[in-house]
Amino acid sequence: MNSELHVQRFIDFINWPTSRKVAVYGAACGLLTIGTPWIWLALVPETRTRIDTGLLFDLVEAWALSFVLIVLVTLPSALKGTEARWTGYLMVMMVAPFLVALIYLFGTMSSPLVAFYPCVVIMWALYFDEGLAWLGLGCIMVSLGVAGIAEINGILPLAPLLVERTVDAQGQSVWFATMMMITLVMFLFCFVLCVFVLAARRLQAAQLDHTHRVHEHINKLIRRYIPTTLLEQLSSRSPRPEALPERRKLTVVSSDIQGFTHASDELDPEDLSSILDEYLSEMMCIADRYAGTVSHVAGDGMIILFGAPKATDARDHAMRAVQMARDMQARMAVLQEGWLARGFERPFQIRIGINTGVVYVGDFGSEGRRLYSAVGVQANLAVRIQSFCEPGRILVCEETAALVADSVRTRPKVEVPVKHLSHAVPAFEVG
């Protein structure tokens, strides 16, 4: 757990803006530049007689001063937390020639310190990004080319830092200790940085996988309460997904189980829950298959909308509603056989009423909790028609019957009185 915490802190640090990372990098390199030569001379005192320490410290002072200037220039942007990518460009273009100059003092192509070049470029790629690493690589190559050409043509002396010029001197303990210490420190730093980057990627992958699984679980829970068509509509909207109520012509389906309320008093709670869950699950699957929007579920009663939130045309809405109702009745017959086999002798049957008309549809409710529903006389009429329907049958209003007349046989059945209307509404039974 502690290792994950450290890696998470490293991730947070890597996500810092460029200006802050440059400020930290510059401060750290400045301190190392000033302190490393003194530690080196203290650990290997014989070095004083083998190298030109004056030349070394001149370079160290110039390099340390450059880092101080970079930190001072970068600090205002770093404190504000702005990206200020130019600070990264400035740092890379300054460090590259100084690095080449340091290695040139030991011998541009005769020192093991040439291993610094790939290490530093890799470090820039991991610490900053590949863009700054490419820039740094280019600056190193240009500086290295200039130094190499100058050495070949005698403009610059070969390895000016070394007092002991013989090749045999490179087999002595002073040379070996000097090269090993500097090279191993750089190798170790880059290796640790790579380890942290790889660990960070694993941790981020694990966190992403966990987030994905949680998201999938939440989506499954949401689908229990929000219709699939509505969920897709909400996912494609802006950050404020409220659907303002609008007048729209819909086909509204209302269904319930005849006598279920009375049966609920006779059944055990476990049996009642089992039957209701199975019934609603099957009916909702059928509604989803016909792209109906389950607007409301209350006990055994359901309200299903066709034409909202996705709309095609009135005939298509009516046809899908009637076909869905037929499939529901057919599925109910299969469910009855299963319930009878399990010992539930009551012959549960459903009644379905369908109405097509203009309603207000959209989000209704409070700021904290809203319901996507249809309201108005035409929406209530579907419920009213369903209440006059015989068990196991389907009743539709006159307009729905007219819309599906080419494909579905209907016959006049009853006149349905409706509150707020001065006349009864004819209802037709689907054959």
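**Entry 1. Terms and overall view**

I take a contact to mean heavy atoms within 4.5 Å, and I call a residue buried when its relative accessible area is under 20%. I note at the outset that this is a predicted model.

I looked up the make-up of the chain and found 14 helices and 8 strands. Of the 431 residues in the chain, 43% are buried. I then turned to contacts between residues at least 6 apart in sequence, and 73% of these join residues at least 24 apart. The chain exposes about 23300 Å², and carbon and sulfur atoms supply 62% of that area.

**Entry 2. Helix α7**

I asked which helices the buried residues of α7 pack against. They pack against α2 (18-43), α5 and α6 (116-127). Among the buried residues of α7 I list Leu-132, Ala-133, Gly-136, Cys-139 and Ile-140. Further along α7, Leu-144, Ala-147 and Glu-151 are also among the buried residues.

I checked the length of α7, which covers residues 130-152. Its 23 residues should span 33 Å at 1.5 Å a residue, and the end C-alpha atoms are 32 Å apart, so the two values agree.

I examined both ends of this helix. After α7 comes Gly-154, which has a positive phi near 75°.

**Entry 3. Helix α5 and the nonpolar patch**

I moved to α5, one of the helices that the buried residues of α7 pack against. Helix α5 comprises residues 86-106. From first C-alpha to last, its 21 residues reach 32 Å, close to the 30 Å expected at 1.5 Å a residue. I found α5 mostly covered, with 15 of its 21 residues buried. Just after α5, Gly-107 has a positive phi of about 115°.

I also looked for nonpolar surface. A patch of about 450 Å² is formed by Val-73, Trp-86, Tyr-89, Leu-90 and Met-93. Which helix gives the most to this patch? It is α5, with 4 residues.

**Entry 4. Glu-246**

I located Glu-246 in strand β1, which covers residues 246-257. With a relative accessible area of 38%, Glu-246 is partly exposed. Leaving aside residues up to four places away in sequence, Glu-246 touches Val-359, Tyr-360 and Val-361. I also found a polar contact of 2.6 Å between the side chains of Glu-246 and Arg-248.

How many residues along the chain lie between the positions of Glu-246 and Ala-374, taken as their separation? They are 128 residues apart along the chain, while their C-alpha atoms are separated by 9.5 Å.

**Entry 5. Gln-329**

Is Gln-329 buried or exposed? The relative accessibility of Gln-329 is 14%, and the limit for a buried residue is under 20%, so Gln-329 counts as buried. I placed Gln-329 in helix α12, which runs over residues 314-341. Leaving aside residues up to four places away in sequence, I found that Gln-329 touches Ile-350, Ile-352, Gly-392, Arg-393 and Ile-394.

Definitions and conventions: Residues are numbered from 1 along each chain as its sequence is written. This is a predicted model: local features need pLDDT of at least 70, side-chain atom pairs count only at pLDDT 80 or more; totals for chains, interfaces and linings use all residues. Side-chain values use heavy atoms; hydrogens and water are left out. Helices (H or I, at least four residues) and strands (E, at least two) are DSSP runs, numbered from the N terminus. Buried means under 20% relative accessible area, exposed over 50%, partly exposed in between (1.4 Å probe, protein chains only). Accessible areas come from the Shrake-Rupley method with a 1.4 Å probe; for residues, only the protein chains shown count as cover. Patches are made of residues with over 30% relative accessible area and no salt bridge: like charges are joined within 9 Å, nonpolar side chains (Val, Leu, Ile, Met, Phe, Trp, Tyr) within 5 Å. A salt bridge is a side-chain nitrogen of Lys or Arg within 4 Å of a carboxyl oxygen of Asp or Glu. A polar contact is a pair of N or O atoms within 3.5 Å; within protein, one must be able to donate a hydrogen and the other to accept it, and residues adjacent in sequence count only if both atoms are side-chain atoms. The expected span of a helix is 1.5 Å times one less than its number of residues.
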